[in-house]
Amino acid sequence: MKQLMTGNEAAARGAYEAGVLFAAAYPGTPSTEILENLGTLYKKDVYSEWAPNEKVAVESAIGAAIAGGRALACMKHVGVNVAADPLMTFGYTGTTAGFVIVSADDPGMHSSQNEQDNRYYAKFAKIPMLEPSDSKEALEYMKAAYELSEKWSTPVFFRMTTRVCHSKSIVEFGERKEAKPFKYEKNIARYVATPAYAKVMRVKVEERMKKMEEFSNTTDLNKPEYNGSRIGVISSGVAYQYAREVFGEEASYLKLGFTHPMPMNLIKEFASKVDKLYIVEELEPYMEDQIRAAGIDCIGKAVIPNIGELDTDRVRKAVFGEENDTIKTEKKAVDRPPTLCAGCPHRGFFYSLSKRKGIMVTGDIGCYTLGNAEPLYAIDTTICMGASISTGHGAAKVFEKTEPGKKVVSVIGDSTFLHTGVSSLMSAAYNGGNSVAVILDNRITGMTGHQQNPGTGYTLMGEPAPQVDIPALCVAMGIRAENIFIVNPNNLEENDAALDKALAAEGPSVIITKWPCILKKPSDHDKKQFDLSKKTCKVNADKCRNCKMCLKTGCPALFAKDGKVVIDQGSCTGCNVCGQVCPFDAIEKAGE
Amino acid sequence: MADIKNILLVGVGGQGTILASKILSAALVDSGYDVKMSEVHGMAQRGGSVTTQIRYGKKVYSPIIGRGEADVMVCFEKMEAIRWIEFVKPDAKVVINDFEIPSAPILVGSAEYPQGIIEELSSKAEVSVFEAAKIAKELGNPKAMNIVLLGALVKALGLEAMDWDRYISENVKKGFEELNIRAFRAGMDAI
């Protein structure tokens with residue numbers, strides 16, 4: 001069958017065809033759809049689950065592979081940081097059944113806090129790496145990855161990037177081939193990484209590296225294409241697609257799909273046949289540094305930027321100094337940054353929070369990071385998943401000495417709290433913290449497009465599941481029950497009252513804002529708990545005095561037309577946050 | 001790469017460029033072209049500026065379109081036309097939906113929606129302007145705006161001869177086939 005597929009769809013299809021039995025992930029752009037596909041299209045054959053974080057996903061997949069079934073773990077690039085601990089040692093023990101970890105990097109930071117180049121992880125963990133350059137290869141390489149994993153008993157690093165994950169290209173797909181599960185046998189020397197055993201494993205890792213390099217030099221995954229001898233180009237991943245288009249039919253290419261260990265003999269041979277050698281790679285000089293270290297002269301990052309993603313345009317300009325003719329306008333488009341949606345339950349709480357002056361607000365990763373933007377400006381820091389409560393705790397400890405009375409509020413979503421925020425709150429409770437943790441519980445993992453999590457009552461494959469009782473969890477960790485406040489964030493009075501009490505409380509306190517994401521299809525649990533009937537808001541022109549206070553909520557349903565505020569009835573969801581902000585009661589619910 | 005056609009759909013997160021590009025690419029694959037298509041996901045979708053890029057021809061390498069490379073650009077929102085105009089060829093066809101969605105800085109009053117966009121672009125490129133939202137509303141469903149725009153795009157590409165009724169019927173919600181086919185034809189007639 002032939003079909004247009006994204007790289008993520010193709011990678012999922014590849015895992016399915018390879019006979020994978022177990023797959024786990026934590027959602028993260030651009031990786032999310034791999035598990036979503038496995039958990040829906042292929043759920044009859046592949047057991048798939050959302051883990052609370054990437055470390056748990058990798059560890060669960062490690063267990064599955066040691067038990068004898070082919071296993072997959074998927075995450076975005078920064079997720080590998082979270083999962084690095086098990087990955088580094090699993091590189092030593094090796095695997096029984098095939099194991100693949102997908103790292104979906106985000107050059108250009110379309111939806112990420114950094115653009116780290118995760119190819120270095122493969123080198124760091126001393127495991128083989130495959131880099132598909134389009135959807136067709138995502139499928140083929142995924143199947144190859146399982147063969148190689150079992151051939152050398154090693155985990156395989158499968159590195160994708162945003163444009164491979166989210167671009168569609170034509171894929172020919174086949175049938176699933178069941179991989180015969182390995183019979184589990186206890187093997188302490190192999191899987192117990194104590195110093196005594198790990199020292200033995202360490203030596204074997206280097207032996208494996210040698211075999212893998214031999215393979216790298218001979219495999220079809222690394223393909224020379226000899227055309228002219230004037231220019232040679234070495235490239236991998238989507239950068240190859242850009243290079244192939246820019247350098248055209250005259251140049252020769254060495255396209256690398258297996259990029260750790262690098263095929264140094266093949267590269268030497270290729271380099272000897274061309275006059276001028278270019279290395280075209282996105283982000284860091286991962287290949288270039290190794291090629292230079294082997295004494296081969298080449299042109300790479302001296303001309304090609306290591307910041308941001310590449311495209312044909314940037315490669316052409318960098319290498320040939322040529323730019324296409326373009327149309328330029330005098331008028332400039334006003335920025336269109338992403339915003340909290342109309343009716344987003346985070347808006348009400350951030351509006352209340354933005355009124356508190358002199359506090360520090362530590363933020364986290366999710367849609368609510370947008371609370372930092374105009375006009376709310378309600379977040380001071382964002383570092384990584386789960387960092388809000390721990391950075392807030394540390395800041396509060398310093399303020400105790402330097403600015404007594406200065407308060408710190410940390411904001412974190414439900415899924416992010418369950419990801420790594422729980423241990424941060426545990427630290428605040430254990431270590432006599434004095435900050436306010438706000439858990440913005442919108443009943444779903446929002447930003448990545450509505451994935452279930454341990455708090456929502458459902459699994460990836462659609463089965464009912466127990467829901468984490470967040471208030472009870474907080475109490476169990478040592479937060480005093482009287483310091484926990486649960487509010488409807490669309491109700492500004494409730495927010496203000498909870499903030500007053502939490503900021504005055506002795507010891508760490510928690511505010512839980514509970515309202516479903518406005519874009520979420522309500523679950524049965526949601527329908528029982530929340531009144532989700534929609535009555536839009538309208539401006540009563542007789543009462544409106546045009547003060548524009550309502551615009552300070554930053555709601556995209558409100559706009560000024562001929563100097564007067566109008567509420568777009570198509571996008572208003574009736575959350576009535578603007579109505580509570582209006583000092584003249586000029587905003588009314590339609591039909592009331 | 002002269003045989004490759006580059007199409008840029010630009011708009012605002014949530015406007016639904018996806019269905020239009022899905023129908024178009026299904027038709028292109030079926031006609032034997034190599035096709036690549038790119039979209040933006042994740043945070044950028046939340047009311048931000050978004051693009052869908054489609055490239056087709058005998059053999060397509062890059063999945064994305066560089067500056068000065070698009071043959072046709074369809075703008076689902078007016079201001080997005082000037083944001084992305086640098087990506088079109090000087091002789092490109094630019095189809096603009098006369099429809100404004102103010103962005104956050106405009107909503108809070110720290111910037112103004114630029115005036116005279118159509119006038120300036122018309123003096124510099126081959127521009128067709130029409131009100132897809134109005135046409136869709138007149139046909140009975142404002143949501144069919146994207147299919148109206150698809151009709152205009154197909155006309156701009158000169159691909160009218162393909163079996164569009166079938167591709168539309170196969171990709172839209174059951175029961176809405178006829179409406180969407182009418183929306184598509186209205187879009188073709190509009191430019």
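In this predicted model, the axes of helix H1 (residues 17-30) and helix H7 (residues 164-171) of chain B approach to within 10 Å and cross at roughly 130°. The pair H1(B) and H7(B) is therefore classed as oblique, since an angle counts as roughly antiparallel when over 145 degrees and as roughly perpendicular from 65 to 115. The crossing of H1(B) and H7(B) is right-handed. On the H1(B) side, the contact involves Leu19(B), Lys22(B), Ile23(B), Leu24(B), Ala26(B), Ala27(B) and Asp30(B). H7(B) contributes Trp164(B), Arg166(B), Tyr167(B), Ile168(B) and Asn171(B). Sorted by class, the residues in this contact between H1(B) and H7(B) comprise eight nonpolar, one polar and three charged.

In chain A, helix H15 spans residues 387-402, 16 residues in total. The distance from the first C-alpha of H15(A) to the last is 22 Å, close to the 22 Å expected at 1.5 Å a residue. Buried positions in H15(A) are Ala387(A), Ser388(A), Ile389(A), Gly392(A), His393(A), Ala395(A), Ala396(A) and Phe399(A).

The loop between H15 and S15 of chain A contains Gly405(A). Gly405(A) has a relative accessibility of 68% and is therefore counted as exposed, the cut-off for that class being over 50%. Between the C-alpha atoms of Gly405(A) and Gly358(A) the separation is 9.9 Å, although the two residues lie 47 residues apart along the chain.

Key
Residues numbered from 1 in each chain as written. Chains lettered and ligands numbered in written order. Predicted model: local features only at pLDDT ≥ 70, side-chain atom pairs only at ≥ 80, totals over all residues. Heavy atoms only, no water. Axes fitted to C-alpha atoms, helices over the stretch in contact; angles between N-to-C directions. Helix = DSSP H or I, 4+ residues; strand = E, 2+ residues; numbered from the N terminus. Parallel < 35°, antiparallel > 145°, perpendicular 65-115°, else oblique. Left-handed = near helix turned anticlockwise from the far one by under 90°. Contact = heavy atoms within 4.5 Å. Nonpolar A, V, L, I, M, F, W, Y, C, P; charged D, E, K, R; others polar. Expected span 1.5 Å × (residues − 1). Buried < 20%, exposed > 50% of the residue type's maximum accessible area, 1.4 Å probe, protein only.
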